[in-house]
Amino acid sequence: MLLDSIKNFLTSTGIADLLATEGWWKTLIMIAISFVLVYLAIVKKFEPLLLLPIAIGMLLTNLPGAGMFHLEFFIQEEVNYAQVLHDGGLLDLLYLGVKLGIYPCLIFMGIGAMTDFSPLISNPKSLLIGAGAQFGVFVAFGAALLSGMFTPQEAAAIGIIGGADGPTAILVTKTLAPALLGAIAIAAYSYMALIPLIQPPFMKLIVNKKERMIKMTALRQVSKTEKILFPIVVTVVVALVIKDAVPLVGCLMFGNLLNVCGVTDRLSKTAQNELMNIVTIFLGITVGATASADNFLRPQTLLIIGCGLAAFVVSTCGGLITAKIMNWITGGKINPLIGSAGVSAVPMAARVSQKEGQKADPSNFLLMHAMGPNVAGVIGSAVAAGVFLSWFAA
């Protein structure tokens, strides 16, 4: 009797489940990768607010026998939500917020509440730089498609990494290529965290020393009326042109309206803090849960990471080249360094522009000028996502 109890205990452990699993060594690799991400988040402070939940989600989904997440529930053509509610684990239930597109839109609401659109309103030409910085999205889409390893839907999800916008990448991927969500999300957030390392070499390569020293004139003061009208007008225009971008852009602009209207301070602070923090936890841990051993350790993952890096680099160069052209057209009034901020990593990309500008001239202050393209990049990536969804979503 005692021996039977001991045997039953030993066969019910996670170690027994691990050894009974075909390709158990892959599970160990994924657990090791999750430890590396924990190290990068805590010690190196690479996007810790999202990278740490992603790492823990990856760890939980790969623990043998835990049964907290079942990707197979969500990659069917028609998701059986009754099955998810009846048989799903904790992370399956939380993942519904990703599958239904709730978390990315709420994240955008928080971003909108935290972001000052005044630099973009003051200098509408920044929209062109933000548009130029989306070039990498379509280059990566073409590269992934030409590789022959991905469907058009999967290639579109990979391409959106070039926008350097995690929530947008997640929204597009959960709709078009849910099986790739783990690899794409990790690539997107990793490159966002590495912006201070990736962008400067290309900034110095494309923008010469004389151009980096250009001082831009102070931006004009933006009235409260302009601040209130801007999010409303942008939402309406986007809805009329690219309706599939409305969930992201609409939530972004609603969050900003809460901040600038002056009568909803409590709601604005909630969107910026409590709501943003809660959704970030749920989003990160469930996205990490999609990175199971069988789904993540494939040749396609390396190609996704490579295409994502290429997309990010091309987007950075596209923004810089667009800013150089605008500098030439305006007779030397625009510092091309602000072009690198056209990717939508707010406000990190703008800070990199500021830092590189001060390296060339310590008295140069580009931060507010760079915030214009930075905000335009957020809108641009959402519009690019809308374009892909309108093309490929069923």
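## Helix packing and pockets

Helix 6 and helix 19 are roughly perpendicular to each other, because their axes cross at about 110° and angles of 65 to 115 degrees count as roughly perpendicular. The model discussed here is predicted. Helix 6 covers residues 90-99, and its axis lies 9 Å from that of helix 19. On the side of helix 6, the contact is made by Leu91, Leu94, Tyr95 and Val98. Helix 19 contributes Phe282, Leu283, Ile285, Thr286 and Ala289. By class, this contact has eight nonpolar residues, one polar residue and no charged residue.

Helix 19 also meets helix 18. The axes of helix 18 (residues 265-272) and helix 19 (residues 274-289) come within 3 Å and cross at roughly 25°. The two helices are therefore roughly parallel to each other. Lys269, Thr270, Ala271 and Gln272 of helix 18 make the contact with Glu274, Leu275 and Met276 of helix 19. Three nonpolar, two polar and two charged residues take part in this contact.

A further pair is formed by helix 11 (residues 152-159) and helix 12 (residues 166-176), whose axes come within 9 Å and cross at roughly 170°. Helix 11 and helix 12 are therefore roughly antiparallel to each other. Their contact involves Gln153, Ala156 and Ala157 of helix 11 and Val172, Thr173 and Leu176 of helix 12. Four of these residues are nonpolar, two are polar and none is charged.

| Helix pair | Crossing angle | Axis distance |
|---|---|---|
| Helix 6 and helix 19 | about 110° | 9 Å |
| Helix 18 and helix 19 | roughly 25° | within 3 Å |
| Helix 11 and helix 12 | roughly 170° | within 9 Å |

The largest pocket has a volume of about 780 Å³. It is lined by 32 residues, of which Glu47, Ile111, Met114, Met276 and Val346 lie nearest its centre. The elements that each give two or more residues to this lining are helix 4 (48-62), helix 7 (102-114), helix 12, helix 13 (181-193), helix 19, helix 22 (348-360) and helix 23 (367-392). Helix 19 supplies the largest share of the lining of the largest pocket, with five residues. Met276 of helix 19, which takes part in the contact with helix 18, is also among the residues nearest the centre of the largest pocket. By class, the lining of the largest pocket has 22 nonpolar, six polar and four charged residues.

The second largest pocket has a volume of about 540 Å³. Its lining consists of 19 residues, and Gln76, Glu77, Lys99, Thr175 and Pro178 are those nearest its centre. Helix 11 and helix 12 are the elements that give two or more residues to the lining of the second largest pocket. Helix 12 provides the largest share, three residues. The lining of the second largest pocket divides into eleven nonpolar, three polar and five charged residues.

These local features belong to a chain whose secondary structure comes to 23 helices and zero strands. Along its principal axes, the C-alpha trace spans about 90 × 45 × 40 Å. For 394 residues, a compact globule would have a radius of gyration near 21 Å, and the value of 22 Å for the protein chain agrees with this.

Terms used. Residues are numbered from 1 along each chain as its sequence is written. This is a predicted model: local features need pLDDT of at least 70, side-chain atom pairs count only at pLDDT 80 or more; totals for chains, interfaces and linings use all residues. Side-chain values use heavy atoms; hydrogens and water are left out. Axes are lines fitted to C-alpha atoms, for helices over the stretch in contact, and angles run from 0 to 180 degrees between N-to-C directions. Helices (H or I, at least four residues) and strands (E, at least two) are DSSP runs, numbered from the N terminus. Angles under 35 degrees count as roughly parallel, over 145 as roughly antiparallel, 65 to 115 as roughly perpendicular and the rest as oblique. Contact means heavy atoms within 4.5 Å. Ala, Val, Leu, Ile, Met, Phe, Trp, Tyr, Cys and Pro count as nonpolar, Asp, Glu, Lys and Arg as charged, and the others, Gly among them, as polar. On a 1 Å grid over the protein atoms alone, a cavity is a set of points where a 1.4 Å probe fits but cannot get out, and a pocket is an open set with protein on both sides within 12 Å along at least five of seven lines; lining residues have an atom within 4 Å of a point. Grid points are joined across faces, edges and corners, and a volume is the space filled by probe spheres set on the points. The radius of gyration is taken over C-alpha atoms; the globule rule is 2.2 Å times the number of residues to the power 0.38.
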